[in-house]
Amino acid sequence: MDERDMLARRFEEQRPRLTAVAYRMLGSAVEAEDAVQEAWLRLARSDADVVENLAGWLTTVVGRVCLDMLRSRTSRREASLDEQPAEPARTAPAETPESQALLTDSIGLALLVVLQTLDPAERLAFVLHDMFAVPFEEIAPIVERTPAAARQLASRARRRVQGGTPQHPDVVRQRRIVDAFLSAARQGDFDALVSILDPDVIIRSDGRFVRQGAATVARGATVFGPMAAVGIPILVDGRVGVIASMHGREYRILLFRFAGDRVAEFEVVSDQNRINAMELSTLD
């Protein structure tokens, strides 16, 4: 076996962990593989003999590649919507159900989406330190900060991820109502849905009126079917909502307004820019 084959074998031993790091950073199987492949290309071009800690070196490279990709995303989002009304269609291979299942199993949809609302440097510090136990001394050069500053980045991210206090009575009550709604919608239970809904309940989609009235909304529960089937309760701006993954990279948020112990209004939010601006956090 020549040196290049040996190097490739050592890299393949690291690939699962590198892919896991990139997955948590980027939230996309395709982009994670791109980041890991870029790490291999850089390794192949480098003098690997002088690399004392290959795992650490590769983690640093993948971290920097992911950070560049995240910053590029941020720059694209900040472009004028008039100049860039829609994200170009992806030409990379579609993400497979298996890859998305891996992501969901390993990190959880709610946490994944919260991570994607973090500043790129915060996300990298949190993912590397809290999920992969990388010391802040190694994280600091990647984010071009001191170890103390990197620690602060991870701390801020941790607070965002953990969110508010789920024990607050309003959050507990809202969670109970949302859980009951999801259960009834998944089962198509008309009577249960009506009992959860305010008589004058309203549905909106990205701010546009859709329909009104408990019976009408309950009969149209199929509208919520796909979302309810995969929906996960999450804190949205401090209130309980529901998030669902659509096609692996796009998300839908279901916002609720409550009247006592009933749902007075639903709003389905699909605008990704609006979702990115929300304060999202995980819910125990």
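Q: A salt bridge is a side-chain nitrogen of Lys or Arg within 4 Å of a carboxyl oxygen of Asp or Glu. How many salt bridges does the count come to?

A: Side chains of opposite charge can pair when their charged atoms come close. The count here is 11 salt bridges. Keep one point in mind: this is a predicted model, where local features need pLDDT of at least 70, side-chain atom pairs count only at pLDDT 80 or more, and totals for chains, interfaces and linings use all residues. Residues are numbered from 1 along each chain as its sequence is written, and side-chain values use heavy atoms, with hydrogens and water left out.

Q: What average pLDDT does the protein have?

A: pLDDT is the predictor's confidence in each residue, from 0 to 100. The protein averages 79. A score of at least 70 is reached by 80% of the residues.

Q: Which element has the lowest mean pLDDT, and which the highest?

A: Elements come from DSSP runs: helices are H or I over at least four residues, strands are E over at least two, numbered from the N terminus. There are 13 helices and 7 strands in the protein. Helix α4 (residues 97-107) is lowest, with a mean of 45. Helix α7 (residues 136-143) is highest, at 93.

Q: Where does pLDDT stay under 50?

A: Over residues 77-106. The model has 29 contacts (heavy atoms within 4.5 Å) beyond four places in sequence for that stretch. Where pLDDT is low, the predicted coordinates should not be read in detail.

Q: Which residues of α2 are buried?

A: Buried means under 20% relative accessible area, exposed over 50%, and partly exposed in between (1.4 Å probe, protein chains only). In α2 the buried residues are A29, V30, E31, A32, A35, V36, A39, W40 and L43. Across the 284 residues of the protein, 45% count as buried.

Q: Where do R175 and D179 lie?

A: An α-helix has 3.6 residues a turn, so residues three or four places apart point the same way. R175 and D179 are both in helix α9 (residues 169-187), 4 residues apart, about one turn. They form a salt bridge, with the closest N and O atoms 3.1 Å apart. R175 is partly exposed at 25% relative accessible area, and D179 is partly exposed at 33%.

Q: Which residue meets D261 in a salt bridge?

A: R176, at 3.5 Å from N to O. D261 sits in the loop between β5 (250-259) and β6 (262-269) and R176 in helix α9, so the pair ties together parts 85 residues apart in sequence. D261 is partly exposed at 46%. R176 is partly exposed at 47%.

Q: What distance separates the closest N and O atoms of E265 and R204?

A: In this salt bridge they are 3.2 Å apart. E265 in strand β6 and R204 in strand β1 (residues 197-205) are 61 residues apart, so the pair links distant parts of the chain. E265 is buried at 16%, while R204 is partly exposed at 24%. Elsewhere, salt bridges that share partners join E12, R15 and E33 into one network.

Q: How many aromatic pairs are there?

A: Rings of Phe, Tyr and Trp (its six-membered ring) pair if their centres lie within 6.5 Å; planes under 30 degrees apart are stacked, over 60 edge-to-face, the rest tilted. The count is 5. The rings of F181 and F256 have centres 5.7 Å apart and planes at 75°, so they are edge-to-face. F181 lies in helix α9 and F256 in strand β5, 75 residues apart. Both are buried. F256 and F266 are also edge-to-face, with centres 5.4 Å apart and planes at 65°.

Q: Which residues form one aromatic cluster?

A: F181, F256, F258 and F266.
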